[in-house]
Amino acid sequence: MKDSAKELQPGTTAAFAGMHQWLQRGLIVCLVALVLEGALTFPLLAIWYGWPTLSLQQICSEFEKIRFNDESRECKYPYPLFAPAEGAGQTTAQDTWGIQPRPLYQRVEFRGLIHRRDARLARLAAAAAAGAGERAEQPAPAPARPVAAPQPPQN
Amino acid sequence: MTTNTMAAGAGAYDTHQQRSRAAQWRADKWMMVGVFFMGTAVLGLIGLPFFLRGLSLQMRAQKAGFTVRPIMVTLIGYLVAVDSALNSLGWALDLIGNHTLLARVFLMAWGNMFDGGYFWHYNELWIGGASAPGEKAWVVALLPLMFSMRIAAAIAFLQMKRWGQQWLVVTCWFGVIAWAGYVTNMTIFADVRYAGVVFPVVGWWLYDIFYITPFLAIPYLHTVNREIFSD
């Protein structure tokens, strides 16, 4: 105790030396943890949500589709500076409304946005193929008539 | 003879003070560079070795008998600065940069993983950003007020100024209010915050627990001998 009393930091009295030492340990743990967290958050989030298979803008689009439950939404980038907020006035998001609302979107699995996007593209391709098949069975539509310039009214 | 001794004593004192200040400044330069990078989040790993080098320089100077800042003051001052910088980064993105690609990818991803408040109906309010009940009020109260004041206090605290210590007490207690209010708000609107989230509740706590800086600083701030801080 005599030795540790000699090593007391300025401002630390003997009565609080033990507490200050524990606080110091806590501070070092927090500092190192914040640095590691800060450094790893961006790359690990990017990998979880599908980068580099998906570009950042594609990830942004998938988030928007999930958030507003609308597959037709795309992430506009760059977003016009003075435009209204991207979600303003939307009517498609799904929630159980009440005093404590509950969203109905589902948890995104590891790299789940890639599968989500692939599935949508496959659905769209299948729908397009089916549409093309139906068209092939129908008689060919009449060729579009050239658009004539409006005629002046004839009296 | 007496005069000479006093003159020699005063000279030695001045030299000691001068060399102490030089040693502290040398250590601070390393730590400031470190904290600059650590406050950016992504470049944190670049900053950490700089910071640790500065810290070891300061400890060495202390062992050599120089009058340098207590290690606790150094750690609290710089940790408060890093904590405030990281919080400010995220909340400035939400408050001002909410339509940037950075926010709409990384803030959304973070929200989707830990806190639905940063995903649910995001960018739907006229002001943009988080729409979760009460969240925007916390962002406005904490970012331009508490965290800005706390960074200013941390700088003065590192300079061993009395007002730095006092304002760190004030802003760290503000931090306790913030934690209590924020966590209660999240708990009451838990469905918004945690439904459909990848790592709900426990994930959020594991991620955010390291921001408890005020709880570590307050016991020190109230038990340190205040005479070491100058007016």
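## Interface and surface patch

In the contact between the two chains, 58 residues come from chain A and 59 residues from chain B. Please keep in mind that this is a predicted model. About 5500 Å² is buried between chain A and chain B, and carbon and sulfur atoms give 73% of that area. Of the area that chain A buries against chain B, 13% is supplied by A:L27, A:L34 and A:F42, more than by any other three residues.

| Kind of link | Count |
|---|---|
| Salt bridges between chain A and chain B | two salt bridges |
| Polar contacts between chain A and chain B (both residues at pLDDT 80 or more) | 21 residue pairs |

One salt bridge joins the side chains of A:R102 and B:D191, at 3.1 Å from N to O. On the side of chain A that touches chain B, helix 2, helix 3 (56-67) and strand 2 (102-103) each supply at least two residues. Helix 2 of chain A gives the most to that side, with 22 residues.

Now for the surface. Which residues make the nonpolar surface patch of about 650 Å²? They are A:L36, A:L40, A:L44, A:I47, A:W51, A:F110 and B:L45. Helix 2 of chain A, which spans residues 17-48, gives the most to this patch, with four residues. A:L36 lies in helix 2 of chain A.

How values were computed: Residues numbered from 1 in each chain as written. Chains lettered and ligands numbered in written order. Predicted model: local features only at pLDDT ≥ 70, side-chain atom pairs only at ≥ 80, totals over all residues. Heavy atoms only, no water. Patch = residues over 30% accessible without salt bridge, like charges linked within 9 Å, V, L, I, M, F, W, Y side chains within 5 Å. Areas by Shrake-Rupley, 256 points an atom, 1.4 Å probe, with all protein chains shown as cover. Salt bridge = Lys/Arg side-chain N within 4 Å of Asp/Glu carboxyl O. Contact = heavy atoms within 4.5 Å. Buried area = accessible area lost by both parts, 1.4 Å probe. Polar contact = N/O pair within 3.5 Å; in protein donor to acceptor, adjacent residues only side chain to side chain.
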